[in-house]
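Here are my notes for you, as a few numbered points. Have the model open while you read.

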Amino acid sequence: QADRYFQGCSEFQSFAIGVVGMPDNLMKSGSYYFEVEVEDPSEVIGFADSLWSPGDTEHQWTSAPPASASGAGCVGVGVRFLAQGVADIRFSWDGMWGGSKIIMFQEPLIPIALTSKRAIWRVPQDAWTFRPPSPVYSPLTQRPFPKTCYFPPEYMMMPDPPVCRDDFQEVGSPESCALAAFHLGLVDSVAY
């Protein structure tokens with residue numbers, strides 16, 4: 001898969017209530033790693049293939065936290081494509097890797113998270129908390145990308161006229177400031 005230019009945190013879209021993913025990131029080849037911080041071990045991260053629809057477990061492959069897990073944690077996700085429609089996937093919980101699983105799927109694979117709470121996606125290598133299972137794994141993109149993407153996005157409305165935080169230029173509406181924060185992966189928790 002070519003190293004395509006991602007559109008920041010707007011890559012993450014809701015498929016259904018509690019399901020978010022990267023539908024434009026069509027994975028077919030290579031070896032990739034990313035992390036997702038979750039608030040509860042019942043939140044799962046993984047992949048779905050082109051035949052998947054919300055609620056379909058036959059075409060999704062997701063993480064399972066260790067029995068000892070409680071509270072928030074970080075799910076590491078590694079995928080290595082072996083042949084057309086065949087991949088080796090691995091999941092970790094707070095840096096502790098589980099076993100490898102070979103899957104057969106209908107191309108392409110799409111990263112997804114099944115969560116009823118907040119999830120923080122860490123795509124670029126400099127944002128990773130833990131290491132991938134081996135050095136052959138790369139980030140989903142080598143191009144610039146926000147260090148963290150929150151889903152659902154977090155921000156608060158701004159004063160009138162709206163002014164974005166972190167020295168961004170003034171924008172024309174509260175919605176455009178919120179959109180800018182979303183694309184850049186910022187959390188605007190300052191109430192004005």
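1. Start with tryptophan 121: its relative accessibility is 1%, so it counts as buried (under 20% relative accessible area is buried, over 50% exposed, in between partly exposed, with a 1.4 Å probe and protein chains only). Keep in mind that this is a predicted model, where local features need pLDDT of at least 70, side-chain atom pairs count only at pLDDT 80 or more, and totals for chains, interfaces and linings use all residues. Residues are numbered from 1 along each chain as its sequence is written, and side-chain values use heavy atoms, leaving out hydrogens and water.

2. Searching the whole structure turns up seven aromatic pairs (ring centres of Phe, Tyr or Trp, the last by its six-membered ring, within 6.5 Å; planes under 30 degrees apart are stacked, over 60 edge-to-face, the rest tilted). One of them is phenylalanine 34 with phenylalanine 47, edge-to-face at 6.2 Å centre to centre and 85 degrees between the planes. Both of these residues are buried.

3. Now back to the tryptophan. Phenylalanine 34 and tryptophan 121 have ring centres 5.7 Å apart and planes at 15 degrees, so this pair is stacked. Phenylalanine 34 sits in strand β3 and tryptophan 121 in strand β11 (residues 119-122), so the pair ties together parts 87 residues apart in sequence (strands are DSSP runs of E, at least two residues, numbered from the N terminus).

4. Which residues do ring pairs link into a cluster? They are Phe12, Phe34, Phe47 and Trp121.

5. Last, look at glutamine 60, which is buried at 14% relative accessible area. Leaving aside neighbours within four places in sequence, its contacts (heavy atoms within 4.5 Å) include Phe47 and Trp52.

Methods:
Helix = DSSP H or I, 4+ residues; strand = E, 2+ residues; numbered from the N terminus.
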